[in-house]
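Got your viewer open and ready to click around? Load the model below and follow along.

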Amino acid sequence: MEFSTEELNFFNDVFTETSSEQMMSDSQHQLSIKTDVPQYLQQILVGSKLTLLAEVSHYQLWFPVSLSINKQGDFLPSLGTPEIIDVKGNERSWRVNTPKNVALVDVFHDQEIEVLSLSATGLTLKIPNSKKNVINLQQSSLEMSLAGEKPLKLELDLVRHEKDVVAAKFKDLQKGRESLRKFLFNSHKSKYSNLYQDIIL
């Protein structure tokens with residue numbers, strides 16, 4: 001069996017220190033590594049709203065992520081408190097039933113209201129069905145305390161009313177949203193501790 005001139009040249013190039021093909025590819029393609037992020041990208045990334053998704057059983061934990069830059073120019077990610085979504089059946093915010101350490105007070109009528117369930121989007125309340133105790137959600141001055149923290153002022157929109165149970169959603173909860181997320185996340189971790197045993201948060 002005889003090799004052609006091209007095949008012989010190929011073998012010759014393979015066993016030499018630098019092949020002509022290698023030299024050609026080196027001159028055409030260069031690999032470079034940068035350890036710092038360009039200034040225009042830093043501004044975009046630091047101002048961005050990022051979210052990290054973690055799935056635990058049939059729950060999705062949506063963590064807000066913020067980026068800052070240290071003096072060396074390295075990014076420092078910081079995880080916020082997650083929003084918990086129950087994806088079993090209909091996707092909706094996870095709710096804690098008969099939450100402990102939650103107090104809801106109608107300040108104007110000096111009346112405490114029983115909270116039946118609480119989520120990041122709203123709550124259900126038990127209000128005795130009598131004319132004296134009917135609460136107009138639009139005109140009430142409601143405050144909610146979570147685990148003994150400073151009370152949050154609430155504005156609610158009525159979703160439905162059945163006998164003595166009222167379902168309402170939060171109208172504007174910007175100042176108290178982080179406190180509510182922390183409370184719900186801690187309640188979720190406490191109730192489903194088995195799901196978190198192998199997770200470091």
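Start in the middle of things: select L118, L123, M144 and F170, the residues with the most contacts inside the largest nonpolar core, which has 31 residues. A nonpolar core here is a set of buried Ala, Val, Leu, Ile, Met, Phe, Trp, Tyr and Cys residues joined through side-chain atoms within 4.5 Å. Buried means under 20% relative accessible area, exposed means over 50%, and partly exposed is in between (1.4 Å probe, protein chains only).

Before you click on, note that this is a predicted model: local features need pLDDT of at least 70, side-chain atom pairs count only at pLDDT 80 or more, and totals for chains, interfaces and linings use all residues. Residues are numbered from 1 along each chain as its sequence is written, and side-chain values use heavy atoms, with hydrogens and water left out.

Next, zoom in on F170. Leaving out residues up to four places away in sequence, F170 touches L118, S119, A120, T121, G122, L123, M144, L154, E155, L156 and L180. A contact means heavy atoms within 4.5 Å.

Time to look for a hole. The structure holds one cavity of 30 Å³ or more, and the largest cavity has a volume of about 50 Å³. To see its lining, select P82, E83, I84, W94, A120, R181 and L184. β4 (83-86) and α4 (177-191) are the elements that give two or more residues to this lining. (On a 1 Å grid over the protein atoms alone, a cavity is a set of points where a 1.4 Å probe fits but cannot get out; lining residues have an atom within 4 Å of a point. Points are joined across faces, edges and corners, and a volume is the space filled by probe spheres set on them.)

Now jump to S48, in the loop between α3 (39-46) and β1 (50-56). Is S48 buried or partly exposed? It's partly exposed, with a relative accessible area of 23%.

Finally, zoom out. The protein chain has five helices and 13 strands; helices (H or I, at least four residues) and strands (E, at least two) are DSSP runs, numbered from the N terminus. Of the chain's 201 residues, 29% are buried.

Terms used: 1 Å grid on protein atoms, 1.4 Å probe; cavity = no way out; pocket = protein on both sides within 12 Å on 5 of 7 lines; lining within 4 Å.
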